Amino acid sequence: MRVDVLIVGGGPAGLTAAIYLARFHLSVVVADRGGGRATLIPRTRNHAGFPEGIGGAELVGRMRDQAARYGARLIDAEVTALVRLEDGFAAAAGEQEVAARAVLLATGVTNHRPAMDDAMHDAALARGLLRYCPICDGYEVTDRRVAVIGTGERGVREALFLRSYTADVTLIAPDGAHDLDAAARAALDAAGVAVAEVPCGPIALADDAILIGGRAFDTAYPAMGSAIHSGLARMLGAEVSPDGCMIVDAHQRTGVRGLYAAGDVVLGLDQISHAMGEGGVAATTIRNDLAARVPIRRSA
């Protein structure tokens, strides 16, 4: 399969780019392995234009339909290999091989989860007992009992952020052993954030609460970091940050000619709106870069 652009990842960034590129009359394939973070969001209320909120799976479904309407081809496959060719790239996507003049990586990240089985985790997420993004939904836990599962700099930062929504915030270390220096403890104490010196698990669900460390909370926020899916970029020698995020210029270009990146895999704000903006920038840059190599002209 030969196309102008291969997009790896079918979340908000990749699908926004697919819509733009298809409407630029370029041939586009989106390869998506499924399970993206956006599809796990029960309801987002930060996304402009949906005052009552919209489920992540519904939003992604609408975007998939829109991209397909304009000619983008969507395949359910994981890209496991990406190599540089003289005039572009070749990718192994499931059982298919895709050759593309340009590639956009929108592969995202996966949050590290607390020790819960999949069924309990998904149930807690659907009921709002477990949340991963205080920027997205901190408003929904205003004046509620909130646990932050984490420690160290990341846990402290998230606990202090959530303190602006509620007076009842407790920091609980995943394994019961906190990594907090005197300055961190002083900052938490000054803010009125409790530090639980007990093990996190086992976690259980009640009718309207999540039970952690023997205490009931209305919501828990894991602050345990993420796995960043930049392996394909590393295959090609693209630059990444120390924690694995891809580094791009202001137009979403990597240091590898013809390779671009957008969304959560890029160093920046992990938000749907931000990912969509980067997708639009990347698509426009790709179109213009390809046109500079071979003019794009519509036949009569």
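Visitor: Which residues are linked with Arg37 in a network of salt bridges?

Guide: Arg37, Asp264 and Asp270 form that network; a salt bridge is a side-chain nitrogen of Lys or Arg within 4 Å of a carboxyl oxygen of Asp or Glu. This is a predicted model, in which local features need pLDDT of at least 70 and side-chain atom pairs count only at pLDDT 80 or more, while totals for chains, interfaces and linings use all residues. Residues are numbered from 1 along each chain as its sequence is written, and side-chain values use heavy atoms, without hydrogens and water.

Visitor: How far apart are the closest N and O atoms of Arg37 and Asp264?

Guide: They are 2.5 Å apart.

Visitor: Is Asp264 buried or exposed?

Guide: Asp264 is buried, at 17% relative accessible area, whereas Arg37 is partly exposed at 24%. Buried means under 20% relative accessible area, exposed over 50%, and partly exposed in between (1.4 Å probe, protein chains only).

Visitor: How many salt bridges are found in the whole structure?

Guide: The search finds 16. One of them joins Arg145 to Asp218, with the closest N and O atoms 3.0 Å apart.

Visitor: What is Val28 in contact with, leaving aside neighbours within four places in sequence?

Guide: Val28 is in contact with Val5, Ile7, Ala18, Leu21, Ala22, Ala72 and Arg73, contact meaning heavy atoms within 4.5 Å.
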